[in-house]
Amino acid sequence: MRLLEYNNGGVFNITKFSDNDIPRNYAILSHTWEAEEVTFEDLRDGSDNTKAGYNKIRFCGEEARRDGLRYFWVDTCCIDKSNSTELAEAINSMFRWYRDAAKCYVYLSDVSKSAVDTNGTSNQLPWELAFRRSRWFTRGWTVQELIAPASVGFFSKEGEPLGNKISLERHICEITGIPVNALRGSPLSDFGVTERMLWAEKRETTCKEDKAYSLFGIFNVNMSLIYGEGRERAFGRLREEIDRASKGKVPSSITSSY
């Protein structure tokens, strides 16, 4: 796992940790991918620091520093996606990385806290409608990013706090259909397979296969990645691994490197 550190000079340092050496306290970012995201290569080579994606990284680093956390993780640039082995290991570990984070910051680029209620008759706060319609709630990967961490804070595109998983619980349950107990940390095995599948049914991912791969942690399974296999085959393999896990069998598709 690679973690970023934001030094006083405004420069990001990136350090790779083995599983046994990952710091106990780190922050993690949840967001939706957009144009001009910062990649691992950008940070490694020190290139093109004018990309818009740097704003999200700075936001995460500054929030982490406010919370007294030295390290933070951002998926766009902490994974070398050109390395298929590293990518597979990261995707199979991602639920655990979010679960173990001290803080998860959800950056909503399509929600402005400065929004104004134009008709003056709504009982909602001005930003609540945008919050309910946020693209973040439509993406496949954000299911685990919502459920896994104990501490999840939501922020507007200006970096202003909107609330957290507890204070916004009613809204989140209504938007996602995910039960309160799941949000509060009840074992996911308490919920049936069909019910957990429904949490992500209407969500989308850029790569077809990721709709299945993004659910590894929700079902506590591991799988090899086969991009190009298509969504149906990916879900077929996922269901096989869920069945094996429920019967206590060792997954057949996982190599010893995991």
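Residues are classed as buried when their relative accessible area is under 20%, as exposed when it is over 50%, and as partly exposed in between, with a 1.4 Å probe and protein chains only. The model is predicted, so that local features need pLDDT of at least 70 and side-chain atom pairs count only at pLDDT 80 or more, while totals for chains, interfaces and linings use all residues. Residues are numbered from 1 along each chain as its sequence is written, and side-chain values use heavy atoms, with hydrogens and water left out. Helices (H or I, at least four residues) and strands (E, at least two) are DSSP runs, numbered from the N terminus.

Helix α9 spans residues 193-200, and Arg-196, Met-197, Trp-199 and Ala-200 in this helix are buried. Viewed down the axis of α9, the buried residues fall within an arc of 150° and therefore line one face of the helix; the arc is that of the directions from the helix axis to the C-beta atoms. Packing is described through contacts, meaning heavy atoms within 4.5 Å. The buried residues of α9 pack against α6 (142-147), α8 (180-183), α10 (210-213) and α11 (231-246).

Helix α11 consists of 16 residues and reaches 22 Å from its first C-alpha to its last, close to the 22 Å expected at 1.5 Å a residue. The expected span of a helix is taken as 1.5 Å times one less than its number of residues. Buried positions in α11 are Ala-234, Phe-235, Arg-237, Leu-238, Glu-241 and Ile-242. Because these buried residues fall within an arc of 160° when seen down the axis of α11, they line one face of the helix. The exposed residues Glu-232 and Arg-233 are carried by the face of α11 turned away from its buried side. The packing partners of the buried residues of α11 are α9 and α10. After α11 comes Gly-248, with a positive phi near 75°.

A nonpolar core is a set of buried Ala, Val, Leu, Ile, Met, Phe, Trp, Tyr and Cys residues joined through side-chain atoms within 4.5 Å. The largest such core has 78 residues, of which Phe-72, Trp-73, Phe-154 and Leu-238 touch the most other members. Helix α4 gives the most to this core, with eight residues.

Helix α4 (residues 84-100) includes Asn-92, which counts as buried at 14% relative accessibility. A polar atom of the Asn-92 side chain lies 2.9 Å from the backbone oxygen of Met-223. Ala-88 is also in α4 and is buried, with a relative accessible area of 5%. Between Ala-88 and Met-223 the C-alpha to C-alpha distance is 8.5 Å, although the two residues are 135 residues apart in sequence.

Helix α2 (residues 54-66) has 13 residues, which should span 18 Å at 1.5 Å a residue; its end C-alpha atoms are 18 Å apart, in agreement with this value. The buried residues of α2 are Tyr-54, Lys-56, Ile-57, Phe-59, Cys-60, Gly-61, Glu-63 and Ala-64. Gly-68, which follows α2, has a positive phi near 75°.

Strand pairing is assigned where DSSP finds at least two bridges between two strands. In strand β6 (residues 152-155), both faces are covered, with Val-152 and Phe-154 buried on one side and Gly-153 and Phe-155 buried on the other. In a regular strand the side chains alternate between the two faces of the sheet. Strand β5 (residues 103-107) pairs with β6 in the parallel sense over four bridges, and Phe-155 in β6 is the bridge partner of Tyr-107. Strand β7 (residues 161-164) runs antiparallel to β6 and is joined to it by three bridges; here Phe-155 has Pro-161 in β7 as its bridge partner. β6 and β7 form a hairpin with five residues between them, and Gly-159 in the turn has a positive phi of about 85°.

Most residues other than glycine have a negative phi. Glu-36, which is not a glycine, has a positive phi of about 60°. Glu-36 is found in the loop between β3 (26-30) and α1 (40-45) and counts as partly exposed at 46% relative accessibility. Asn-220, likewise not a glycine, has a positive phi of about 55°. Asn-220 is found in the loop between α10 and α11, and at 69% relative accessibility Asn-220 counts as exposed.

Key: Polar contact = N/O pair within 3.5 Å; in protein donor to acceptor, adjacent residues only side chain to side chain.
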